[in-house]
Amino acid sequence: TELAFGAATGARHVLGREQGQSLVVAYGHLTQDAEGPSGHLVVHPTSRRRGFGDTMLDHLLGAAGAAGEAGEGGEPPTTSLRVWAHGDTEGAQALAAARGFRRVRDLWQMRRDLSPALPAASYPDDVTVRTFEPGRDDEAWVALNAAAFASHPEQGRLTVTDLHHRMAQPWFDPGGFFLAERDGALLGSHWTKVYPGDEGAVSSVGEVYAVGVHPAAQGLGLGKALTLTGLQHLRDAGLDAVILYVDGDNTAATHLYQRLGFVTTTVDVMYASRH
């Protein structure tokens with residue numbers, strides 16, 4: 001969305017290239033959220049173990065205002081920077097350890113084959129399910145999402161503008177965006193996603209983009225039911241598999257997904273410098 005609608009205030013993009021070459025072999029991204037500066041750091045596999053990661057981290061620390069004088073004994077700066085390392089690679093672990101960063105968050109990618117039959121979704125008698133209606137449900141869904149993900153550092157802070165940016169993406173399909181409601185009040189939602197494939201073809205993999213239930217509606221089984229509704233929609237669309245992203249410490253969600261047949265395929269790790 002930053003490429004289409006512009007970067008957030010304070011966002012930075014850092015490119016790493018071989019000396020005298022135009023090909024980008026390393027990339028760093030920095031932004032600010034409610035918890036402070038955070039970023040992403042990746043190095044092309046063929047350019048690893050050549051100092052790009054270390055140099056990129058220095059640039060991110062500097063851009064975050066965290067590259068001040070080290071503490072006693074060469075300790076890392078006192079301002080905290082959080083950085084995503086995509087894939088729990090040995091190189092990322094070694095760089096984090098060498099620079100005094102600690103592991104603070106695991107983001108699991110989970111996957112499920114859609115060929116096996118799915119259990120039927122079951123809802124309370126007074127709860128109805130329908131699809132999202134643009135222009136009608138925008139503000140109500142943002143309020144529901146904020147309540148459902150109040151403690152989530154990214155998802156819970158989506159605004160109506162953020163929603164509209166996502167609605168403008170080619171993958172957006174209100175027919176795959178399910179809402180559970182009672183007496184006109186939204187209780188939960190499941191937003192599915194299908195990525196456009198190559199040359200206009202449809203991807204064979206869908207995504208459980210976001211499943212959220214209002215705290216007041218916890219205990220009704222809506223998380224499982226909405227997940228199954230979305231999975232059945234993706235299966236009916238002819239997709240072969242579905243993926244999702246979930247924080248590793250969200251035990252309620254990970255246990256639910258495991259019971260529904262999802263397995264963890266990759267782990268992204270967030271490291272943080274000390275405060």
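This is a predicted model: local features need pLDDT of at least 70, side-chain atom pairs count only at pLDDT 80 or more; totals for chains, interfaces and linings use all residues.
Figure 1. His233 itself is found in helix α6, which covers residues 222-236.

**Figure 2. Glu207 in strand β9 and the residues around it.** Glu207 has its place in strand β9, which is formed by residues 202-213. With a relative accessibility of 4%, Glu207 counts as buried, because the cut-off for that class is under 20%. Once its neighbours within four places in sequence are left aside, Glu207 is in contact with Trp191, Thr192, Lys193, Tyr195, Leu234, Val242, Ile243, Leu244 and Tyr245.

**Figure 3. Asp247 in strand β10.** Asp247 lies in strand β10, a strand made up of residues 241-247. Its relative accessibility is 12%, so Asp247 counts as buried. If neighbours within four places in sequence are set aside, the residues in contact with Asp247 are Arg105, Asp106, Leu107, His152 and Thr254.

**Figure 4. The crossing of helices α4 and α5.** Helix α4 consists of residues 138-148 and helix α5 of residues 160-167, and their axes come within 9 Å and cross at roughly 110°. Because of this angle, α4 is roughly perpendicular to α5. The crossing of the two helices, α4 and α5, is right-handed. On the α4 side, the residues that take part are Asp138, Glu139, Trp141 and Val142, and these meet Val160, Leu163, His164 and Met167 in α5. Sorted by class, the contact of α4 with α5 has five nonpolar residues, one polar residue and two charged residues.

**Figure 5. Two loop residues with a positive phi.** Arg49 is not a glycine, yet it has a positive phi of about 65°. This residue, Arg49, lies in the loop between β3, residues 36-43, and α2, residues 52-63. The relative accessible area of Arg49 is 80%, which means that Arg49 is exposed. Asp183, which is not a glycine either, has a positive phi of about 50°. The loop that holds Asp183 runs between β7, residues 177-182, and β8, residues 185-196. Because its relative accessibility is 78%, Asp183 counts as exposed.

**Figure 6. The protein chain as the setting for the close-up views.** The protein chain has seven helices and 11 strands. Of its 275 residues, 44% count as buried, and Glu207 and Asp247 are examples of buried residues. Among the contacts in the protein chain with a separation of 6 or more, residues 24 or more positions apart account for 68%. The protein chain exposes about 14,400 Å², of which carbon and sulfur atoms supply 51%.

Conventions
Residues are numbered from 1 along each chain as its sequence is written. Side-chain values use heavy atoms; hydrogens and water are left out. Axes are lines fitted to C-alpha atoms, for helices over the stretch in contact, and angles run from 0 to 180 degrees between N-to-C directions. Helices (H or I, at least four residues) and strands (E, at least two) are DSSP runs, numbered from the N terminus. Angles under 35 degrees count as roughly parallel, over 145 as roughly antiparallel, 65 to 115 as roughly perpendicular and the rest as oblique. A crossing is left-handed if the near helix is turned anticlockwise from the far one by less than a right angle, and right-handed if clockwise. Contact means heavy atoms within 4.5 Å. Ala, Val, Leu, Ile, Met, Phe, Trp, Tyr, Cys and Pro count as nonpolar, Asp, Glu, Lys and Arg as charged, and the others, Gly among them, as polar. Buried means under 20% relative accessible area, exposed over 50%, partly exposed in between (1.4 Å probe, protein chains only). Accessible areas come from the Shrake-Rupley method with a 1.4 Å probe; for residues, only the protein chains shown count as cover.
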